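Let's take a walk through this fold together. The tour starts with the overall layout and then stops at a few places worth a look in the viewer.

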Amino acid sequence: MPEEAYWEGFFDAAAVLQALLPGESLAGDAVEFGCGYGTFTLAEAARSRGMVSTFDIDPAMVARTCQRAEDAGLDNVRASVRDFIAEGTGLSAASQSRALIFNLLHIEVPLALLDEALRVLEVDGRLLVIHWRSDIPTPRGPSLEIRPTAAQCTQWITQAGFRAVRVVDLSQASPYHFGLIAER
């Protein structure tokens with residue numbers, strides 16, 4: 001990960017979430033795959049009446065997310081060190097209202113991650129996805145050779161069993177990303 005302030009300059013996390021799924025006070029629990037510095041975790045927790053569970057393989061990222069949540073007075077964040085690709089989340093099936101997969105679908109097995117998101121989402125739950133665009137130069141992100149397009153992500157999301165996939169314009173919140181939302 002790049003330095004925290006530099007990373008957070010790539011997007012307005014609250015505006016990204018608002019564009020993907022409008023609402024000021026969302027009911028139900030949410031899961032975020034890969035918390036990083038907690039950029040999106042904190043924004044989701046600030047607008048959620050439920051628990052936000054987030055996982056990262058890097059203990060330093062989990063510790064930073066927990067510290068930032070505590071500093072912000074957010075008591076609805078549960079961050080854990082976990083390899084969710086290999087082990088899943090450990091969350092109960094159909095227990096989450098929202099699943100956030102941000103900047104991760106370039107992994108070798110995107111369907112495994114999407115399968116876990118589908119498993120933990122309740123019926124009519126929402127999958128929120130963002131990824132680095134491949135049609136313009138971006139200051140960060142995976143190499144263009146492995147960077148999926150919105151069309152490729154839509155195909156994977158549909159293949160995993162989600163429905164009603166739609167592209168969301170994120171240009172005002174992050175000019176470097178595309179957004180997708182789907183329903184379980």
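Reading from the N terminus, the elements of the protein chain follow the order α-α-β-α-β-α-β-α-β-α-β-α-β-β. The chain has seven helices and seven strands. Its radius of gyration is 15 Å, close to the 16 Å that the globule rule gives for 184 residues, so the chain is as compact as a globular protein of that length. Please keep in mind that this is a predicted model.

Of the 184 residues, 51% are buried. Among contacts with a separation of 6 or more, 71% link residues 24 or more positions apart.

**Two helices side by side**

How do helix 3 and helix 4 pack, and at what angle? Helix 3 (residues 39-47) meets helix 4 (residues 59-71) at about 35 degrees, and their axes are 9 Å apart. The crossing is right-handed. Helix 3 contributes T39, T41 and L42 to the contact, while helix 4 contributes T65, R68 and A69. Sorted by class, this contact holds two nonpolar, three polar and one charged residues.

**The cysteines**

How many disulfides does the model have? The count is zero. A disulfide is a covalent bond between the sulfur atoms of two cysteines. For C35, the closest cysteine sulfur belongs to C66 and is 7.5 Å away, too far for a bond given that the cut-off is 2.5 Å. Seen from C66, the closest cysteine sulfur is that of C35, again at 7.5 Å. As for accessibility, C35 is buried at 5%, and C66 is partly exposed at 34%.

Helix 6 spans residues 110-120, and its buried residues are P110, L113, L114, E116, A117, L118 and V120. An α-helix has 3.6 residues a turn, so residues three or four places apart point the same way. The cover over the buried residues of helix 6 includes strand 1 (30-33), helix 5 (84-87), strand 4 (96-102), strand 5 (121-132) and helix 7 (150-160).

**Positive phi away from glycine**

Two residues other than glycine deserve a stop for their backbone angles. N103 has a positive phi, near 60 degrees, and D124 has a positive phi near 70 degrees. N103 belongs to the loop between strand 4 and helix 6, whereas D124 is part of strand 5. With a relative accessible area of 9%, N103 is buried; D124, at 44%, is partly exposed.

**A histidine in strand 7**

The last stop is H177, which lies in strand 7 (residues 177-183). Is H177 buried or exposed? H177 is buried, with a relative accessible area of 3%. Setting aside residues up to four places away in sequence, H177 touches F11, N103, I130, H131, W132, R133 and L170. H177 and F11 are 166 residues apart along the chain, yet their C-alpha atoms are separated by 8.5 Å.

| Residue | Relative accessible area | Class |
|---|---|---|
| C35 | 5% | buried |
| C66 | 34% | partly exposed |
| N103 | 9% | buried |
| D124 | 44% | partly exposed |
| H177 | 3% | buried |

Note on methods. Residues are numbered from 1 along each chain as its sequence is written. This is a predicted model: local features need pLDDT of at least 70, side-chain atom pairs count only at pLDDT 80 or more; totals for chains, interfaces and linings use all residues. Side-chain values use heavy atoms; hydrogens and water are left out. Axes are lines fitted to C-alpha atoms, for helices over the stretch in contact, and angles run from 0 to 180 degrees between N-to-C directions. Helices (H or I, at least four residues) and strands (E, at least two) are DSSP runs, numbered from the N terminus. A crossing is left-handed if the near helix is turned anticlockwise from the far one by less than a right angle, and right-handed if clockwise. Contact means heavy atoms within 4.5 Å. Ala, Val, Leu, Ile, Met, Phe, Trp, Tyr, Cys and Pro count as nonpolar, Asp, Glu, Lys and Arg as charged, and the others, Gly among them, as polar. Buried means under 20% relative accessible area, exposed over 50%, partly exposed in between (1.4 Å probe, protein chains only). The radius of gyration is taken over C-alpha atoms; the globule rule is 2.2 Å times the number of residues to the power 0.38.
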